Amino acid sequence: MAIPKPTSPLEIAAVAVGALVGLLVVLPLVPLLLDLVVGTFRSVFDVIVPGGRTYE
């Protein structure tokens, strides 16, 4: 199925507003998701590597 392109000014404005809202919602979540991924990797790495990390 092809996605129809917006043709009227109202449809173009709706697409622009939707993209802006999407950016405002998704962009603040990026650091949280990266922290989750890095934390999970570090936890698995600590279990696999003998000795793990030292906490000072």
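User: Is Phe-45 buried, partly exposed or exposed?
Analyst: This is a predicted model, where local features need pLDDT of at least 70, side-chain atom pairs count only at pLDDT 80 or more, and totals for chains, interfaces and linings use all residues. Residues are numbered from 1 along each chain as its sequence is written, and side-chain values use heavy atoms, with hydrogens and water left out. Buried means under 20% relative accessible area, exposed over 50%, partly exposed in between (1.4 Å probe, protein chains only). Phe-45 has 43% relative accessibility, so the residue counts as partly exposed.

User: Is Phe-41 buried, partly exposed or exposed?
Analyst: The cut-off for exposed is over 50%. Phe-41 has 55% relative accessibility, so it counts as exposed.

User: How are the rings of Phe-41 and Phe-45 arranged as a pair?
Analyst: The structure holds one aromatic pair. Rings of Phe, Tyr and Trp (its six-membered ring) pair if their centres lie within 6.5 Å; planes under 30 degrees apart count as stacked, over 60 as edge-to-face and the rest as tilted. The centres of Phe-41 and Phe-45 are 5.9 Å apart and the planes are at 20°, so the pair is stacked.

User: What separates Phe-41 and Phe-45 along helix α2?
Analyst: An α-helix has 3.6 residues a turn, so residues three or four places apart point the same way. Phe-41 and Phe-45 are four residues apart in helix α2, so the separation is about one helical turn.

User: How many residues of α2 are buried?
Analyst: Helix α2 has 19 residues and lies largely in the open. The number buried is one.

Terms used: Helices (H or I, at least four residues) and strands (E, at least two) are DSSP runs, numbered from the N terminus.
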